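Trainee: I would like to learn how to read a model like this one. Can we go through it feature by feature?

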Amino acid sequence: MKQRYILCLLVTGALIYYGAPRMSIFAEGLQGTFAISWLVLATFVVAGNLAALLYTPKGTSKGKKLKSKPVRKVRSRSFG
């Protein structure tokens, strides 16, 4: 699961690296609004994936199974 977070961070970093120099946040009108909203959403993506990467509890990955205590079968007899 952590590989997905790292992959998302790398893809987002690449998109910011190529996209940010081409956008002007000081532009007026729709262009400036688009640039600001795009950068805000990219920041949310980075923050969310970084938080998930750092705060994922250990041992809860999908591949690992939790060991449970074996269930003891109790037989009951009825006489009647």
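Trainee: What percentage of the residues in the protein chain is buried?

Mentor: Some ground rules come before the answer. This is a predicted model, where local features need pLDDT of at least 70 and side-chain atom pairs count only at pLDDT 80 or more, while totals for chains, interfaces and linings use all residues. Residues are numbered from 1 along each chain as its sequence is written, and side-chain values use heavy atoms, with hydrogens and water left out. Buried means under 20% relative accessible area, exposed over 50%, and partly exposed in between (1.4 Å probe, protein chains only). Here, buried residues account for 11% of the 80 residues in the protein chain.

Trainee: How many helices and strands are there in the protein chain?

Mentor: Both are DSSP runs, numbered from the N terminus: helices are H or I with at least four residues, strands are E with at least two. This protein chain has two helices and zero strands.

Trainee: At what angle do the axes of helix 1 and helix 2 cross?

Mentor: Axes are lines fitted to C-alpha atoms, for helices over the stretch in contact, and angles run from 0 to 180 degrees between N-to-C directions. Helix 1 covers residues 2-19 and helix 2 covers residues 30-55; their axes cross at roughly 155° and come within 9 Å. Angles under 35 degrees count as roughly parallel, over 145 as roughly antiparallel, 65 to 115 as roughly perpendicular and the rest as oblique. Helix 1 and helix 2 are therefore roughly antiparallel to each other.

Trainee: Which residues make the contact?

Mentor: Contact means heavy atoms within 4.5 Å. Helix 1 contributes Lys 2, Tyr 5, Ile 6, Cys 8, Leu 9, Thr 12, Leu 15 and Ile 16. From helix 2 come Trp 38, Ala 42, Val 45, Val 46, Asn 49, Leu 50, Ala 52 and Leu 53.

Trainee: How do the residues of this contact divide into nonpolar, polar and charged?

Mentor: Ala, Val, Leu, Ile, Met, Phe, Trp, Tyr, Cys and Pro count as nonpolar, Asp, Glu, Lys and Arg as charged, and the others, Gly among them, as polar. The contact of helix 1 with helix 2 has 13 nonpolar residues, two polar and one charged.

Trainee: Is Ala 42 buried or exposed?

Mentor: Ala 42 counts as buried, because its relative accessibility is 9%. Neighbours within four places in sequence aside, Ala 42 is in contact with Thr 12 and Ile 16.

Trainee: Which residues does Leu 9 touch?

Mentor: Not counting residues up to four places away in sequence, Leu 9 touches Val 46, Asn 49, Leu 50 and Leu 53. Leu 10, also in helix 1, counts as exposed at 57% relative accessibility.

Trainee: How many aromatic pairs does a search of the whole structure find?

Mentor: A pair of aromatic rings is described by the distance of the centres and the angle of the planes. Rings of Phe, Tyr and Trp (its six-membered ring) pair if their centres lie within 6.5 Å; planes under 30 degrees apart count as stacked, over 60 as edge-to-face and the rest as tilted. The search finds one aromatic pair. Tyr 17 and Tyr 18 form it edge-to-face, at 5.2 Å centre to centre and 80° between the planes. Both Tyr 17 and Tyr 18 are exposed.
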